[in-house]
Amino acid sequence: MLAFTIRRFFQAFVVLLVVGLVAFSMFRFVGDPVENMLGQERTDADIERLRSQLGLDQPFPVQYFRFLEGAVQGEFGVSYRQGRPVAEIISQRLPATLELAAVSAFMAIFFGLVLGVFTAIRRDGWAAHSIMTLSLIGVSLPTFLIGILLIYVFAVELNVLPSFGRGDVVELGWWRTGFLTESGLKALILPSITLGLYQMTLIMRLVRSEMLEVLRQDYIRFARARGLKEKSVLFRHALKNTLVPVITVTGLQLGSIIAFAIITETVFQWPGVGLLFINAIQFVDIPVMAAYLMLISVMFVGINLIVDMLYFVIDPRLRGDRAKAEG
Amino acid sequence: MTAIAQAWQSDFMWSFRRSPVAVVSFIVVMILVFGAVFAPLIAPYNPFDPATLNLMNGFSKPMQPNAFTGETFWLGTDDQGRDVFSTILYGMRISLFVGFCAVLFAMVLGVTLGLIAGYSGGLVGTIIMRVADVQLTFPAILVAMLIFGIAKGFTPVHLRDQMAVWVLILAIGLSDWVQFARVVRGATLVEKKKEYVQAAHLNGRKAAGIMLRHILPNVVGPVLVIATISLALAIIAEATLSFLGVGAPPTQPSLGTLIRIGQGFLFSGEWWILFFPAVTLLALALSVNLLGDWLRDVLNPRLR
Amino acid sequence: MAQALSNREVVLSVRDLVVEIPTRRALLRPVDQVSFDIGAGEILGVVGESGAGKSMTGNAVIGLLDRPAHIASGEIWLNGQRIDHLRREQIRKIRGKEIGMVFQDPLTSLNPLLPIGEQLRETILEHLAVPQREAEARAVAALEEVGIPAAAERINSYPHEFSGGMRQRVVIALALCAEPSLVIADEPTTALDVSVQAQIISLLKQLCHERGTAVMLVTHDMGVIAEAADRVAVMYAGRLAELGPVREVLTRPAHPYTTGLMASTPLASKGRKRLNQIPGAMPPLARLPEGCAFHPRCPRAEDKCLQDPGPSLAGCGGRAACWFATEAVA
């Protein structure tokens, strides 16, 4: 267990170093930072001064190390477009994305699990059949079209939900939350459905197929033969075994929720980091792009690590620390 | 003639004829591709020729004569009086062109890197596969956005709109090579262990050439399946990027760009500017997807 | 009733049991007109080839037939209570409490994610009205009884931490922990190493003997039958071919199929020089021949066997369902 943990941490570290190298290379080689930061009226002395100030006269590895040093402390320089520190812009925008992602993830996992289990248990019923057919269509729909469709139905035709923005927010320290106002909660509904729907479909289909597989196993038959209640057979024995493979995929899905938030945020003009990233790409605002890349990598690598560790918690067969008894 | 008859009788064609989903999807794809390729001949207007545009025709409803000019447009017109049907045909050209080229690029890159990784093994192989693993941790669309952003940074400002389509191809292609590389590497590793390769080594001959001739036929099936599914994904990826405003520019709109433009008119009631491009995109992506699914079942059930 | 039962209390009584599986092409009868009794403390061996209906009979008794298989007719009585038509919830309460079951493969019968003690406790708490601590003690006792060394320490181990033989002991402990009056053991040794097989069989035999538990021992292994069973039921193509005390059936088989089965089994005690095969194979249920199902393979088949299946095992009185059985017994 310990050796495994250390190895996974090391791998995660290497991945982050590589991503850091990509981010730094963007910084250093895409366009000229000095050109980008100085206006039209500049002297050669200005350029020289800024060059050494930014450390651009140092050898490449030193610059890379400096960049990493800054990145660890959350320093990513100044946005070319907004002229403010990137860290400040991102920390202002991050709560919006995290709240959206958390609600979507919760919905995707909750409804994915419930519907997956339901369609597995009642697999011959008409309800399960209709859910499965609907989910097939859901998988083929591009995310942004789902968003537009929801806007059309609920904002344009029915006019019951807002089509853009976060509504009113409340400041809790530096964190701006939309959870505490009615308009904030209303504004969350459509974006979170848009973002969560696709992941929910995937989780549901996965849970269903894994659960059906588990229900065919001998230990389920044996649990029934021991006279356990059907509820206990399904939820204590079958569901727990279903979750083992489901956890990995779901973990990775959570990662992509943060990435797909870019699309949802654009459709709904949601003021999060995804929209920030898209605007950064449009205006080639490299520091913001690099910072976003690092931020999302840390999240992805972190999620992967947690998923791996969860495996140990849930599956005793992977814990190698108990001596295997001979009989 | 007999060759065609024979091909019609083959297992492949037989299972094709027996699958209504495959037949319908194929027909839809063919119609759309035909429309895209021959757009200049079919389209009633050239939406990008300012001379033919008449702002008075703006916001014409589908199938109804325009209030000012009396002209009738099948699917209506947008704010600038461009015929929606024509813009869809031209938009599909861009969407399909980007999709095909991106997949072709991903395929060539993936197959080559897969062969190298499988054949040479060692450090080069490890590096290639590690890069593939790292890239796989991130969703393809994110990788494509990032590459698009970087490539855009390298493009001189005045060329950005012109180069956008090529940058898109590069970005989507680079985000999608991993699948191809994995399959080809797997096949190469299997082939490498076979006796004729060992024999070639013992004879002091180069096994690479012979292996190539053995590996490529083996991977045609899986690569074709991955390519078809990738095509659907690439079309959606292109539409998504263009919709987000980091793809095809308004001067050269793809289906995604058209949807982006159309979204602006959703609240004012001009639904057709958005609706028809969206339905076209959906039909295109869905039918290519279903065709890919069918192809996977026929050619390689194990890929499931 | 049957001869060997005279001095025992009847625990399980199966009468004219018919299990049917409706398929698109035909109505299959994997169990057809099967009747037998098992007394307290008695072990009834049920033998036959795969697909003869042995396991299906066991599953029917415990109420675990997989749809679309179902009991079409006949009766099953357990300790004087009729159980074949009970509601799902009622038969569930009987499973584990009155009828214990041991499956073939101990590697897959235990939930890999729960400690064995947990699986024992949930079974005990489900069926016996005892407090948590008592259940804990009983779980340890159950493991000790089946011969798990250091049971109190191993109780929180997971199934993968035990060997195959030990796992089958755990499975037996689970089947017996609520002290059922009947145990159905479905090929309990087939998946085990030969060296462990005898241990498991003698454990099962000893435990049931001590408690007076009736055992239905389903197997295709004549050696296991000879070792453990008091009486033996031979099944062929869903029907009971022969039923009788084990010594008699083994030494003087009354049904030509039993004769063939014995001739093809290496029994150490018999000292036979060569093994004979029964020609052909058991027909699939969808294509059973007219008359006696065994006639295409039977060396003694006559014209009447082709048209009429012959005398049935009337109740449990007769020995064998065969035209020639009476002469053999006589």
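How many residues of chain A are in contact with chain B, and how many of chain B with chain A? Select both chains to find out: 27 residues of chain A meet 30 residues of chain B, where contact means that the C-beta atoms, placed from the backbone, lie within 7 Å.

Before going on, note that this is a predicted model, in which local features need pLDDT of at least 70, side-chain atom pairs count only at pLDDT 80 or more, and totals for chains, interfaces and linings use all residues. Residues are numbered from 1 along each chain as its sequence is written, while chains are lettered from A and ligands numbered from 1 in the order in which they are written.

Now stay on the side of chain A that touches chain B. Color α1 (2–29), α7 (143–157), α10 (230–267), α11 (273–282) and α12 (286–314) of chain A, each of which supplies at least two residues there. Helices (H or I, at least four residues) and strands (E, at least two) are DSSP runs, numbered from the N terminus. α7(A) gives the most, with six residues. By class, this side has 21 nonpolar, six polar and no charged residues. Nonpolar covers Ala, Val, Leu, Ile, Met, Phe, Trp, Tyr, Cys and Pro; charged covers Asp, Glu, Lys and Arg; the others, Gly among them, are polar.

Next, bring in chain C. Here 23 residues of chain A are in contact with 29 residues of chain C. On chain A, the elements that give two or more residues to this side are α9 (218–225) and α10, and α9(A) gives the most, with seven. The classes here are seven nonpolar, six polar and ten charged.

Technical notes:
Two residues are in contact if their C-beta atoms, placed from the backbone, lie within 7 Å.
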